[in-house]
Amino acid sequence: MRLVETGNHVAAWGVRLARVEVVSAYPITPQTQVIEEISRFIDEGEMQCEYIPVESEHSAMAALIASAAMGVRSFSATSAHGLAYMHELLHWAAGIRLPMVMVNVNRALGPGWNIWCDHQDTLAARDTGWIQIHCASHQEILDTVIQAYRISEDPKVNLPVMVCYDAIFLSHNYMQVEIPSQEDVDRFLPPFRSLWRLDLHHPLTHGSVIYPDDYEEVRYSMFRGMENAREVVKAAAREYRETVGGYHGELVDAYGIEDAEHALVAMGSMASEARVAVEALREAGHRFGLVRVRSYRPFPVEECRRLLAGLQKVLVLDRSISFGMEGPLYSEVKASLYGHGDAVIYDLVTGLGGRDVTYEFIAENAVAALEGRLDAGSVWPSVRLNRHHLVSKSGVERLGSKGGAR
Amino acid sequence: MKLKDFPEEELFLQGSAACQGCPGSAAIRVAFKALGRNTVLSVIASCTSVFQSPFPVSALELPTLNMAFATGGATASGLSAAADRLVARGVLEEKPTILVWAGDGGTYDIGIQALSGAAERNADFIYVCYNNEAYSNTGTQRSGATPYAAWTTNTTKGKEEWRKDVAQIMVAHGIPYVATASLAYPTDMFRKFARAKEIKGTRYIEIQAPCPPGWKFPSSHTIKVARLAVQSGMWMLYEHEDGKTTYTAGTQRIIQGQSKLVPVEEYLRAQGRFGHLFSPERDEKRIGEIQRRIDHVFETLQFTHKMKEHIMDIEMAPPR
């Protein structure tokens with residue numbers, strides 16, 4: 001079946017096809033349409049599912065953990081402040097080693113209410129133990145939600161999966177998607193399984209006091225689960241292509257990289273724009289390729305080395321900032337390439353709070369890098385002062401001019 | 001029902017890590033006996049997180065999910081929704097009782113939002129607040145349940161505010177069942193758990209839990225202090241169902257005039273946390289304030305009781 005739908009409604013289709021049985025969620029723009037659509041599916045008898053309209057995201061995640069602990073396939077969706085609000089329980093969800101899936105629509109954090117695309121929310125949840133897969137199209141959202149259950153429920157993984165996609169660009173715009181048949185999805189995704197559950201016949205106590213003698217092993221097991229996820233994410237992508245159809249890359253989605261001398265690295269919808277930039281750069285005679293990081297956790301370390309280490313210049317696009325350091329994706333790419341090759345690595349921090357990033361802008365900065373006109377380190381080339389910035393003008397000016405305000 | 005009629009099976013096992021005289025462990029034992037094996041438990045961060053015993057052993061003979069501080073109502077909602085699906089699919093023959101066990105910090109303060117949300121949704125579970133009137137697990141800091149004038153480590157001259165009353169807040173939610181209980185009246189407590197088990201929807205039971213180290217009394221006095229709390233009117237026993245409050249056990253006897261209120265001073269003197277009200281000099285003002293509040297509540301209740309009896313007499317009189 002072919003639909004023209006919003007990314008949010010497409011995510012709901014993925015949840016429906018995955019035969020999710022408990023959904024707990026709280027409204028937040030731009031995620032709300034996901035749970036509205038699920039609610040409609042339930043009301044119309046299309047899903048056999050309990051929907052818990054909780055009173056906060058903290059509670060959404062608590063209910064999600066609890067229903068997974070009872071041995072039932074569970075789902076939630078959130079964004080930005082909601083993700084930040086449930087942060088404590090993100091750690092809990094990963095530490096409990098139970099499969100569950102959540103959609104996070106990447107959105108900017110306040111203050112200054114901004115419902116537009118930004119990766120700060122998601123990347124701030126980086127170290128919670130969640131697998132994070134970033135999507136770049138509506139079809140990828142649908143396919144990844146289904147794959148996410150397969151990954152999360154794999155006995156070698158048993159970690160929660162966050163399916164991330166960009167606010168408005170993907171959440172609200174309409175695109176065409178192919179909805180697979182329930183039979184095909186059922187062949188790809190077996191019924192729910194988990195390492196353990198709350199069992200009335202075999203009572204166990206989970207999560208009581210744990211001393212230093214045992215705690216480190218718990219964290220190590222999470223580390224192993226995340227390492228195992230590398231192969232499982234790849235296998236899920238391949239088997240999904242065979243069983244259901246649809247393929248969006250594995251840990252990374254590479255484009256035009258085979259004969260490339262230089263590369264762009266990006267995530268999410270901005271990577272789609274970077275793909276157009278690659279075309280434009282190639283037309284201008286610059287052999288660029290693109291590495292779209294699909295799995296941010298586990299991070300595609302080997303893939304980055306294999307695809308980027310032999311190149312001359314690598315331009316990373318970051319849609320968030322680690323204050324006091326640099327763009328987070330930039331840090332990760334550099335760390336992956338440390339000791340491998342001589343690529344000079346640049347970083348654009350841009351597109352924050354939904355600011356449009358055009359392919360012309362990306363190409364312009366890529367050429368600047370080739371011509372030695374781009375400073376190393378994270379630069380903010382799209383920052384500029386408007387008349388209505390006058391109140392904070394002196395503050396912005398004090399940021400300094402290095403690749404910044406102009 | 002008498003104590004000897006309680007089920008013999010122990011679902012709270014020996015060898016827990018509780019302090020001597022711990023009211024929480026005594027209460028959980030009665031609750032488990034009343035609810036039985038078909039129960040899924042979630043323990044919210046509290047002393048119970050500790051006294052259930054550390055990994056890899058456990059004193060809890062029920063499937064148990066320990067959860068974060070602010071999650072009681074939400075955790076129950078998730079457990080209950082999943083159990084409904086398992087029943088619908090025939091994996092479970094009968095829906096288990098979902099039991100949340102939380103302290104007053106997790107109920108009055110950090111967890112009230114999740115509890116209120118779950119109650120408004122009438123999620124199907126029993127929420128227990130064992131109220132030791134302070135953050136005992138972290139070394140006795142004030143909570144929203146700490147009574148006026150009580151010492152804690154961050155109210156060293158006595159708490160300046162009056163406690164709030166979450167049981168009444170739960171009554172205001174219109175949930176099917178709200179009850180308060182006391183360790184000194186275990187059969188009353190057992191009956192309330194048994195009654196709660198029969199009902200569907202959100203049920204709230206609050207147990208006063210006198211804490212020997214936190215309240216500063218000998219560990220052999222837990223039950224004695226609990227009884228004095230009821231006898232002095234500092235803790236009231238009732239259940240609320242179908243819009244009607246029924247006072248029970250010791251509280252009922254006072255209201256009906258079968259026993260007299262014990263002066264609150266006896267209750268206060270039994271605990272070191274109120275010691276500053278009596279030494280170095282007697283604090284007439286604060287003792288008087290506490291007593292007057294109790295007197296006002298009981299005078300009203302006793303008056304209402306007499307009026308009702310009077311009306312009943314009129315109604316039941318033969319027609320002339």
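Author: Let us begin with the interface. In this predicted model, 36 residues of chain A are in contact with 39 residues of chain B.

Reader: Which elements of chain A supply at least two residues each of the side that touches chain B?

Author: An interface can be read element by element. Here the contributors are β2 (22-24), β3 (50-52), α3 (57-69), α5 (87-95) and β9 (205-206) of chain A. Of these, α3(A) gives the most, with 9 residues.

Reader: How do the residues of the side of chain A that touches chain B divide into nonpolar, polar and charged?

Author: That side has 21 nonpolar, 9 polar and 6 charged residues.

Reader: Which strand of chain B is joined to β9(A) by bridges?

Author: Pairing of strands can also cross from one chain to another, as it does here: β9(A) is joined by 2 bridges to β2 (residues 64-67) of chain B, and the two run parallel. Within β2(B), L65(B) is the bridge partner of H206(A).

Reader: Let us turn to chain A itself. How many helices and strands does its secondary structure come to?

Author: Chain A has 14 helices and 16 strands. Its radius of gyration is 21 Å, close to the 22 Å that the globule rule gives for 406 residues, so chain A is as compact as a globular protein of that length. Of its 406 residues, 55% count as buried.

Reader: What is the order of the strands in the open sheet of 6 strands?

Author: In chain A the order is β10-β12-β11-β14-β15-β16, with mixed pairing. The edges are β10 (252-255) and β16 (377-379) of chain A; each has a single partner strand, so one side of each is left without a neighbour in the sheet. On average, neighbouring strands are turned by 20° against each other, direction ignored.

Reader: In which sense do β14(A) and β15(A) pair?

Author: Strands β14 (residues 313-318) and β15 (residues 344-349) of chain A pair in the parallel sense over 6 bridges. Within this pair, K313(A) stands opposite V344(A).

Reader: Which strands does α12(A) lie across?

Author: Helix α12(A) lies across β11, β12, β14, β15 and β16 of chain A, at about 145° to β14(A). Buried residues in α12(A) (residues 328-337) include L329(A), Y330(A) and V333(A). Just after this helix, G339(A) takes a positive phi of about 80°.

How values were computed
Residues numbered from 1 in each chain as written. Chains lettered and ligands numbered in written order. Predicted model: local features only at pLDDT ≥ 70, side-chain atom pairs only at ≥ 80, totals over all residues. Helix = DSSP H or I, 4+ residues; strand = E, 2+ residues; numbered from the N terminus. Rg over C-alpha atoms; globule rule 2.2 N^0.38 Å. Buried ≥ 20, exposed ≤ 12 C-beta atoms within 10 Å, placed from the backbone. Contact = placed C-beta atoms within 7 Å. Nonpolar A, V, L, I, M, F, W, Y, C, P; charged D, E, K, R; others polar. Pairing = 2+ DSSP bridges. Axes fitted to C-alpha atoms, helices over the stretch in contact; angles between N-to-C directions.
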